Amino acid sequence: MAAVPTPYAEEGFKVASFDAIADELEKRLELSEEALAARGPWRGWVASFGPLEIHGSPRQVILLHAHGAGAGRETDFHQQFGKACVHQGAAWLGFDFAYLVKMRCEERRRPPPRLPGLIEEMTRWHEALAASLAARASLATCPVLLGGKSMGSRVASHVMQELVAPGLVCAGLSLSPDRQAGHAANRASGGH
């Protein structure tokens, strides 16, 4: 098994597997909202995949969530998003793309790879997760939605088209092909 890289070990990530992810999700089904909030996130490092963080419980849905281009699932936005899932009957599963893991480990910024590589990486996460969940009676029928923030939303939308996922949750994504028009429309509607 691969060791957990230092920046992730410092956050409390432990070596894990997809079976361990399914075990944790099953445990979370039995916990109240208060117990889930007190328990906090589960953090696992999956060999050949990377870090995965879980908030909430899969009572109604599981959301596999991809981060934006410049920062990972450790940001305040993602952490608050994950915590909000506790009150919605949702399990939020946030992962970091491999380029971001490398960026954090090397402590230097780098651009994300081209979209096809990111799509392939999120597809691998989804397929491995779905296979693990299918083997558990308590989780087999729970819908797995795809989502992300900004770039992660764009990646998730492409993966959804390929996999025919039951739903998509996008945050911080302009749906306008013209960025400036998208920003103007957002301002006009009172958004930020």
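Are Arg28 and Glu24 buried or exposed? Select the pair: both are buried (under 20% relative accessible area with a 1.4 Å probe, protein chains only; exposed is over 50%, partly exposed in between). Before you go on, this is a predicted model, where local features need pLDDT of at least 70, side-chain atom pairs count only at pLDDT 80 or more, and totals for chains, interfaces and linings use all residues. Residues are numbered from 1 along each chain as its sequence is written, and side-chain values use heavy atoms, leaving out hydrogens and water.

The side chains of Arg28 and Glu24 form a salt bridge at 2.8 Å, N to O (a side-chain nitrogen of Lys or Arg within 4 Å of a carboxyl oxygen of Asp or Glu). Both sit in helix H2, residues 18–29, four residues apart (helices are DSSP runs of H or I, at least four residues; strands are E, at least two, numbered from the N terminus).

Next, pick Arg136 and Glu26, another salt bridge at 2.8 Å, N to O. Arg136 is in the loop between H6 and strand E6 and Glu26 is in helix H2, so the pair ties together parts 110 residues apart in sequence.

Now try Glu11 and Arg73, bridged at 2.9 Å, N to O. Glu11 is partly exposed at 21% relative accessible area, whereas Arg73 is buried at 1%.

Last stop: Ser132, in helix H6. Ser132 touches Phe18, Asp19 and Ala22, not counting residues up to four places away in sequence (contact means heavy atoms within 4.5 Å).
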